[in-house]
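The sequence and model follow.

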Amino acid sequence: MGLYTSVCCVLLVALLTLSFTNGEDPYRFYNWNVTYGDIYPLGVKQQGILINGQFPGPQIDCVTNDNLIISVFNSLDEPFLISWNGVQQRRNSWQDGVFGTNCPIPPGQNFTYVLQVKDQIGSYYYFPSLAFHKAAGGYGGIKISSRPRIPVPFDPPAGDFTILAGDWFKQNHTDLKAILDGGNNLPFPDGLIINGRGSNGNTFTVDQGKTYRFRISNVGIATSINFRIQGHKMLLVEVEGIHTLQNTYSSLDIHLGQSLSVLVTADQPPQDYYIVVSTRFTSQVLSATSILHYSNSGGSVSGPPPGGPTTEVDWSLEQARSFRRNLTASGPRPNPQGSYHYGLINTTRTIRLTNSAPIINGKQRYAINSVSFLQPDTPLKVADYFKISGVFSVGSISDNPTGGGGYLQTSVMHADFRAFVEFVFENPENTLQSWHLDGYSFFVVGMDGGQWTPASRLRYNLMDTVSRCTVQVYPNSWTAIYVPLDNVGMWNVRSENWARQYLGQQFYLRVYSPVNSWRDEYPIPKNALLCGRASGRRTRPLRAPGSEHGGASNSRPLHKSKPSSSSSSSTAPWLNKWPARGAPPEPPRQKDRVKESDRVNESDGREKPSGTAARYTDKDKGQSAIERIVFRLRNLGLGDEDEDDESGDGDELDGQICCVLIQRSVLEVRNMSATKPSAIERLPLWPSSILI
C-alpha cells in the first residue's frame, strides 16, 4: 500500500509541476447521443444514424495537442463504436474505436473516449466502424488547426468549409449488411451526396475577392470521386495533415477514406456556380452538386455542371504523383528515427500485400495474402492485454503473397517497435483499391502500373513525397509506402471499400515493445469496456500488492443516464468527490471558463457557437487545472474505491490521501498565482507519515 500511495503522490507532484509551470494542453468536452432518425439524402425516406440529432454529426474543431473527451451514449438497439479516421492515437490504440481494439458500446449505455490530437494538424473525419453502420451515416468532420504561434504557409482564409462527400444507397444499412452476409456483392450505389444531401442541397456563400478553404473528405463506401468547382481553380494546400506544394488544379480525385484541403478564391463575376462531385472508374457516372453563392450574386447558376474525368487511370496516377510535401512549411511532420530525411534510412523489412476476391464456403469473401479476416469474439487488444489464449495468433498472415486459395483466419502480423518498414500493396484486380493504416502517417514513396519488383525502388520519391494515412492502388498496379513504426499498439490495416473490409480485406498490425513502459504505450483505460472472453476481468493498471493482473472483478456498471447535448459536467462538488469512472470532471465555473466557438457557419464561412464543446486552456487557474489532474489520476487507476477490494479500505485510503494532497495544492497554487508564480518550485515536501 505504501508503494501504491507513493506512486500517487509522485504523479500528483509531477502533474502539478507540468500544469502550472509549463502549461497543460487544452481539453475539449463533448457529449454525443447516437440515435436512429429519418433522413432523406436521395429524396427517399431512410433510417439513418444521427449524432445529437444531426446528419452529418457535429464537427470537431480543435487545435494541435488538444485533448478530446467525447462521451458517446448509444441509443441504438445494437452495439456501436466510433473510429477517428486519421487521428493517430499516439501510444493509445485503446481509443481507436474499431473492434480489434475496443468492445462495442452496448445499447442504452455509454463510453467516454479520451484521446489527444498529438502533433497533428489537418482535415479528417470520424465514422461508425461496426457492422455496416457507415452506410447509415453517423460520420462527421474533424478539423485540427495549427497552434496560433505556428506559421501556416498561406494567409488566413476568409472562411473554412467542410465537405463530406461520397456514394449512397437508398437501402437501409441492415439490408446492405444482409446482402453481404448472404455471400453476395453490393449493387451499384444509387447516387452521391454532399454533407448528407443530394444535388443542390447545400449552398456555400462567399464574398467576391476573398479566399476560402475547402476541406474535402470521401466518406463513401464504394467509389472514388472527383471534386471541382465551376469556373474556379483550386490551390492544394494540405493532404491529411501535411502542407503540400501549392499546385493549382481544375479538379481533384479523392479516393475512399481520403481527405485534403484546397484554397479557392472568389475571383469570378458575381453569380452562382456549381460545386460538383462525380464517381471515378465506374461504367455508370454518378454526380451530385452544391452551389457556390457569391454574396453579391447577380444571377443563379448557368449552363450544365462542368464535366470531369471518368475512367482515365493515367490522368489520376500523374495527379497523385504531383502531390509533394512543402519542405519549408512549419507544423507537425513525421520524424522517423530522429531524421526528417526518410529517404536516407534503410528499411528493416519489406511486407508485400496482395488483395484478392476468393469464394470461401460458397460465399464471396475478400482477402489479403490469401487470408480473409475472421472477426474474433474478443477484441484483439483486450485479449493481448489479458493474455487470453485462443483469440488470435501472431504471425497468422504472411509477409508475402502465398498464391494459394483463400481461407478464414483472425490475421495478426507482428512488427517491432521503431522498425522502419516498407509496405508494397499489389493489386492484380481490375478495380481500384484504397488502403488505410490506423495509428500512422506513412510516406507514399511510389506507385505505378504492372508488377512490383525490387527494381521498382529506383523510381521511388525519396525526397519530398507526402505522408498520409490512406492511399490508393490503381487497377493492376502497385503502391509502396515507408512506415516508421513509432507507435506501439494494435493497428487496423484495412480496405476503405467497406464491403471488402466487412468481408475480410483487413488485418491487424501488432506493434510491440518488450519494455512494457508507459513511455511507449498508455495502460488500459479505467473505463475500458470488457466483453467476450474478457468479461468479468478488471481494468486497473495499478493494484495494491497481492492482486494479480487480469483477476476477476465486480467492476462498476456503466453510466446509464442520457447526456445532454451541452458540455459535460458532474453534479458533485469537484473537490469533495472523485468524478465517475471514465467521465470528465466538472468544468470550471462560468466566470473561469475559456470557451472557444470554433464552429463555422457553412452558409457564409463565419464562426458560430457549436453548443457541443467547451475548451479549457492553460489560462484556467487553480480549480480547472486540478480537475484535470483528478481526471488523469482517475484514468490511471488512482484514487478509486473499488467495491471488490478485499481489505475494504486500501483504495479508499489511497483516494483520500490524494484528495488531501490536491486540496493542499489548491491553496498553495492559489496563493502563489497571485504573488510569486515562481514559488511553484518551492512546493512543500509532504510529511513522510502521509507516504506510509
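## Charges over aromatic rings

A charge is taken to sit over a ring if NZ of Lys or CZ of Arg is within 6 Å of the ring centre and within 35 degrees of the ring normal. Arg280 meets this criterion with Phe281, its charged end lying 4.3 Å from the centre of the ring.

## Basis of the model

The model is predicted: local features need pLDDT of at least 70 and side-chain atom pairs count only at pLDDT 80 or more, whereas totals for chains, interfaces and linings use all residues. Residues are numbered from 1 along each chain as its sequence is written, and side-chain values use heavy atoms, with hydrogens and water left out.

## Overall composition

The protein chain comprises seven helices and 37 strands. Helices (H or I, at least four residues) and strands (E, at least two) are DSSP runs numbered from the N terminus. Of its 692 residues, 58% count as buried; buried means under 20% relative accessible area, exposed means over 50%, and partly exposed lies in between (1.4 Å probe, protein chains only).

Among contacts with a separation of 6 or more, 77% involve residues 24 or more positions apart, a contact being heavy atoms within 4.5 Å.

## Backbone geometry in loops

The loop between β2 (46–51) and β3 (60–63) contains Pro56. The peptide bond leading from Phe55 to Pro56 is cis, with omega near -5 degrees.

Two residues other than glycine have positive phi values: Asp119 at about 55 degrees and Asn200 near 60 degrees. Asp119 is located in the loop between β6 (110–116) and β7 (122–128), and is partly exposed at 47% relative accessible area. Asn200 belongs to the loop between β10 (191–194) and β11 (203–206); with a relative accessible area of 44%, Asn200 is also partly exposed.

## A buried polar contact

Thr162, in strand β9 (residues 159–168), counts as buried at 10% relative accessibility. Its side chain forms a polar contact of 2.7 Å with the side chain of Gln59. A polar contact is a pair of N or O atoms within 3.5 Å; within protein, one must be able to donate a hydrogen and the other to accept it, and residues adjacent in sequence count only if both atoms are side-chain atoms.

## Aromatic pairs

The whole structure holds 29 aromatic pairs. Rings of Phe, Tyr and Trp (its six-membered ring) pair if their centres lie within 6.5 Å; planes under 30 degrees apart count as stacked, over 60 as edge-to-face and the rest as tilted. Phe127 and Trp498 have ring centres 5.4 Å apart and planes at 90 degrees, so they are edge-to-face. Because Phe127 lies in strand β7 and Trp498 in helix α5 (residues 498–502), this pair ties together parts 371 residues apart in sequence. Phe127 is buried at 1% relative accessible area, and Trp498 is buried at 1%.

The pair of Tyr460 and Tyr482 is also edge-to-face, with centres 5.9 Å apart and planes at 80 degrees. Tyr460 lies in the loop between β31 (442–449) and β32 (467–468) and Tyr482 in strand β34 (residues 477–484), 22 residues apart. Tyr460 is buried at 8% relative accessibility, and Tyr482 is buried at 8%. Elsewhere, Tyr30, Trp32, Trp84, Phe111, Tyr113 and Tyr126 make up one aromatic cluster.
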